[in-house]
Amino acid sequence: MDSFLSLFAEYDVPGAFWVNIQLTFWAAIWSFLLGAILALMRISPIASLQWFGAAYVNIFRNTPLTVIIAFGILGLWGQLNVILAEDFDLNFLRLAIMGLSIYHAAFVCEAIRSGVNTVPLGQAEAARAIGLSFLPAARLIIFPQALRGAVAPLGNVLIALTKNSTVAFAGSVVESSNLMKEMIEFRGDLVIPIFLIFAMGFVIIVVPVGLLTTWLSKKLAVSR
Amino acid sequence: MSAQQVLFDAPGPRAKRRILVGNIVGVLFVLGLIAWVIFALAGQGQLDAAKWTPFLEARTWQFFILPGLLSTLQAAAVAVVTSIVFGLIFGVGRLSHVLPIRWLAGVIVEFLRAVPVLLMMIFLWLALARIEAVEDPIFAAVVIALTLYNGSVIAELVRSGVHGLPKGQREAGMAIGMTRGQSLRSIEIPQALVAMLPAMVSQFVVILKDSALGYIIGYAELLQFSRRLGVGEGNLLQALLIAAVIFILINFALSSLANRLSGYLSFRTARKPKKDNTKKVVAMDATNTLS
């Protein structure tokens with residue numbers, strides 16, 4: 001038991017999780033913004049924007065996240081000298097956030113679109129019948145209902161994003177999966193307890209998010 | 001609202017003009033973005049012929065890209081089979097009417113779904129290497145980690161597929177004297193498997209994408225080989241792009257297959273989603289390839 005507790009004294013486990021939380025937080029904000037813009041493009045009447053939105057989603061949804069993150073550090077930083085911060089670690093962190101945001105924006109876009117799909121046809125027709133044009137109809141009638149319908153799929157994206165923040169390992173960010181590897185390598189006597197510490201850490205983060213979004217999606221659901 | 005075109009009225013002359021203007025602006029925006037990327041790349045000398053010609057040589061494909069692709073497909077193919085087996089066992093476990101089995105299967109599935117695949121992969125790799133139980137701990141770690149996660153997702157698909165069936169199916173089975181286990185095996189699960197087929201093909205996309213995580217633990221798959229090629233030839237950016245394009249093409253083909261299947265099968269499984277069924281609908285969504 002003593003050697004188990006000494007793990008926490010030797011290694012900064014909460015600090016590593018804090019990096020994952022930071023990655024998740026910033027990537028969630030950026031991917032939501034980007035995803036919302038893409039969703040708007042895909043449901044707009046303008047063909048070129050629809051095409052762009054669809055192309056973005058199909059490209060990034062089908063690329064492994066590992067490839068995107070590795071591209072960020074090997075390609076953008078290593079080859080093209082893209083520098084997002086003077087500080088070495090902060091630069092890698094921001095590149096990883098960028099990769100996570102680009103990847104998850106495709107899924108946010110699809111989540112919002114699936115929310116739009118939950119709005120019955122009659123709602124749009126009723127909006128048009130009372131003389132609302134596209135933007136007022138979208139703003140007053142469609143989106144308030146669509147966003148409520150999108151809570152559950154958006155929650156799924158957030159959960160996946162939390163777990164996927166470990167892939168930042170491929171972008172040389174020192175986060176929990178990185179620390180776990182280091183700890184197992186140095187403390188071979190405690191392989192399973194070390195894994196369980198990190199696994200339970202993610203369970204503790206992910207399960208409440210899942211419960212919260214399920215509760216929210218039920219509470220906010222438009223009863224039909 | 002499946003036809004999203006109903007968001008707007010049939011456009012009149014003014015709206016048509018506005019859409020045209022919007023289209024021109026949109027095209028300019030997209031072209032501008034492409035031009036910016038091309039200029040940025042050309043400015044850094046990344047579009048030089050020397051960086052791209054290696055991909056026209058047979059040995060690049062023979063010694064780097066094809067071996068990498070082969071190991072990626074190998075890991076994914078084995079993981080697909082083992083995930084289905086795992087998913088069926090635990091899916092049936094979650095439907096069992098024996099409480100402890102249902103409970104145990106539920107806890108295991110929920111735990112595996114909440115833990116990042118990479119974490120399991122690193123743990124399995126180091127643990128297997130330590131106890132020297134298998135010949136190739138890296139390959140085993142990639143396959144087992146993919147199986148544990150994706151098998152759990154498939155278990156959920158089996159469960160939601162069975163729950164989505166009309167109640168009459170089970171009642172009919174009971175009425176002709178079957179036990180619950182018999183009706184599950186010979187009536188409900190076969191139908192659930194058909195209904196979940198598109199979502200399962202989508203899960204194969206997830207398996208293929210997640211096999212790239214093996215790169216992090218040193219599994220010599222497509223991304224790893226592309227990196228070696230890029231470091232050797234001095235065209236890292238191009239090598240990574242080619243790897244990404246290969247992944248995108250395969251995954252796009254699989255996703256299209258899933259969509260086709262879901263359209264083709266919809267007449268067999270056509271039913272109105274029950275109220276308060278949002279979670280199940282999300283789980284069975286064939287376009288959802290988020291890991």
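The legends below describe close-up views of a predicted model.

Local features are given where pLDDT is at least 70, side-chain atom pairs count only at pLDDT 80 or more, and totals for chains, interfaces and linings use all residues. Residues are numbered from 1 along each chain as its sequence is written, and chains are lettered from A and ligands numbered from 1 in the order in which they are written.

**View 1. Helices of chain B.** Chain B has eleven helices and zero strands, helices being DSSP runs of H or I of at least four residues and strands runs of E of at least two, numbered from the N terminus. Of the 291 residues in chain B, 42% are buried (20 or more other C-beta atoms within 10 Å of the residue's own, with C-beta atoms placed from the backbone). Among contacts in chain B between residues at least 6 apart in sequence, 75% join residues at least 24 apart; two residues are in contact if their C-beta atoms, placed from the backbone, lie within 7 Å.

**View 2. Packing of α3(B) and α6(B).** Helix α3 (residues 58-95) and helix α6 (residues 137-163) of chain B pack at an angle of about 40 degrees, with axes 6 Å apart. The axes are lines fitted to C-alpha atoms over the stretch in contact, and angles run from 0 to 180 degrees between N-to-C directions. Nonpolar here means Ala, Val, Leu, Ile, Met, Phe, Trp, Tyr, Cys and Pro; charged means Asp, Glu, Lys and Arg; the others, Gly among them, are polar.

**View 3. Side of chain B that touches chain A.** In this interface, 50 residues of chain B are in contact with 62 residues of chain A. Elements of chain B giving two or more residues to its side include α1 (13-43), α4 (99-114) and α10 (236-269). α10(B) gives the most, with ten residues. By class, this side has 32 nonpolar, 13 polar and five charged residues.

**View 4. Surroundings of A:V67.** Not counting residues up to four places away in sequence, A:V67 touches B:A212, B:L223, B:L240, B:A243, B:A244 and B:F247.

**View 5. Surroundings of A:S177.** A:S177 lies in helix α9 (residues 176-186) of chain A and is buried, with 29 other C-beta atoms within 10 Å. Leaving aside neighbours within four places in sequence, its contacts include A:T166, A:F169, B:P116 and B:L118. A:S177 and A:N20 are 157 residues apart in sequence and 9.4 Å apart in space, C-alpha to C-alpha.

Technical notes: A residue is buried if 20 or more other C-beta atoms lie within 10 Å of its own, exposed if 12 or fewer, and partly exposed in between; C-beta atoms are placed from the backbone.
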